[in-house]
Amino acid sequence: MATPDFNMDSHWLPFTPNRHFRKEPRIFVAADGMNFTTHDGRTVVDGISSLWCVGAGHRRSSINEAIKKQLDTLDYATAFQASNDQAFKAAEMIAAMAPGDLNKVLFCNSGSEAADTSLKVALAYHRARGEGHRNVFIGRERGYHGVGFGGMSVGGIPANRKVYGTALLPRVDHMRFIHDPANAYIHNREPESAEDMLLELEQRILPLHDPSNVAAIIVEPVAGSAGWYLPPKGYLKRLREICDKHGILLIFDEVITGFGRMGTNFGADFYGVVPDMLNFAKAVTNGVFPLGGVICRDKLYDAMMKTDAPEHVIEFFHGYTYSGHPVACAAAVATLNLYEKDGLFQRAGEMGKVLGDAFHGTFKGLPNVIGIRSLGLAAAVELAPIAGTPGKRAYDIFVDCFNKGALVRPAGDILVIAPPFIVEREHIDRLVNTLADSIKAHA
Ligand SMILES: Cc1ncc(COP(=O)(O)O)c(C=O)c1O
């Protein structure tokens with residue numbers, strides 16, 4: 001591996017073991033379609049849509065042209081007390097794609113900001129209705145809602161929370177995780193479970209806090225960062241019913257499942273459940289420009305607008321300098337048009353079945369494989385950890401795959417593949433075979 005010809009001293013990499021990275025850097029300098037080029041001239045297949053972002057593949061000309069045109073027309077404009085045309089266009093498209101009366105889009109720049117925004121809307125909404133005492137949030141073990149203090153607090157990934165102590169939000173509880181060990185192998189279907197995973201919510205968590213104090217429950221429809229864990233059949237519908245029964249808002253964090261990953265517009269469509277807020281980011285711009293947001297049901301907006309304050313007074317004191325950035329929104333409009341024109345969500349659903357078949361056909365029975373889960377255009381293979389060093393087996397396999405030209409994603413001792421929706425069978429074969437060879441080599 002050639003040493004890069006630039007200085008690597010100043011860049012502190014996110015969610016990366018920096019010490020090891022410095023010894024064995026993985027640096028992209030170009031990309032096209034399904035492939036990257038590295039600093040030392042190798043080709044690597046993008047098996048993870050670059051963190052679940054690049055649904056349409058890299059360097060799509062219609063998106064790039066839209067960005068260039070926007071830069072030459074309106075590069076940036078203040079987001080407060082004024083706006084820009086692209087923000088309205090993008091919001092209209094996103095609201096039209098969202099199910100039910102999820103019609104009002106609050107823009108931000110990332111999934112983390114979307115998480116914190118949605119929690120703040122929940123508190124502000126309840127207060128606007130005279131229920132300011134509703135301030136308990138409920139997340140789920142192993143949930144990931146980004147790295148802001150709000151998202152981290154409702155999130156349930158221990159390593160992300162470990163060192164923050166009382167800086168995490170108080171009055172947060174977590175539901176049990178959705179995995180049933182009886183469902184280690186899930187092949188292109190929703191798991192079914194004999195266990196009632198929401199019993200604990202009904203029998204312990206809600207009575208403990210009193211449901212009348214609970215502002216919102218936030219979940220990822222599919223637990224993405226934890227390693228593609230799927231909810232059992234009926235789970236999300238029942239969660240919706242429980243929330244309705246107690247006046248609790250339901251937030252779906254669709255930063256991964258939104259915009260095609262499940263073969264539908266949103267996970268909400270796949271599961272037939274409409275949340276009160278839907279958080280998005282990543283694939284909305286094909287990853288090319290930071291953009292996130294929260295789609296709110298009409299009733300949230302309406303409650304916040306129903307105020308006795310004079311009209312010059314801001315109704316919701318929240319926003320980011322780059323909320324609805326014109327270039328990001330132009331990128332979103334072009335991306336969503338491209339997804340539609342090329343039927344890429346449908347394609348994601350179809351290729352998801354191919355990916356799932358390849359996973360189950362290839363990995364079952366390989367050394368250390370203890371689970372395989374596939375649904376939508378993503379699949380996970382779970383490995384037994386090396387005793388005493390959890391995560392090492394998957395990390396070593398990830399590095400090895402990279403060196404063999406396949407970008408896969410380690411999550412604990414799970415390896416995930418979630419390719420762009422344009423993926424072809426030959427890419428899937430290459431990714432899966434490279435991973436299989438590496439699993440065998442690390443037995
Ligand atoms: C479900 C979910 N929520 C929030 C986030 C955080 O998004 P960001 O990294 O854009 O802040 C992620 C990132 O992977 C995510 O998967």
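Mentor: Helix α5 (residues 111–128) gives three residues to the shell around the ligand, the most of any contributor, helices being DSSP runs of H or I with at least four residues, numbered from the N terminus. This is a predicted model, in which local features need pLDDT of at least 70 and side-chain atom pairs count only at pLDDT 80 or more, while totals for chains, interfaces and linings use all residues. Residues are numbered from 1 along each chain as its sequence is written.

Trainee: How many residues surround the ligand?

Mentor: The closest are Ser 110, Gly 111, Ser 112, Gly 146 and Val 255. A residue is near a molecule if its C-beta atom, placed from the backbone, lies within 6 Å of it. The number that surround the ligand is 14.

Trainee: What distance separates the centres of domain 1 and domain 2?

Mentor: The protein chain is divided into domain 1 (18–56 + 343–441) and domain 2 (64–341), with bounds from an automatic or database domain assignment. Taken over C-alpha atoms, the separation of their centres is 26 Å.

Trainee: Which element supplies the largest share of the side of domain 1 that touches domain 2?

Mentor: The contact takes 34 residues from domain 1 and 29 residues from domain 2, two residues being in contact if their C-beta atoms, placed from the backbone, lie within 7 Å. Among the elements that each supply at least two residues of the domain 1 side are β12 (369–374) and α13 (344–363). The largest share, nine residues, comes from α13.
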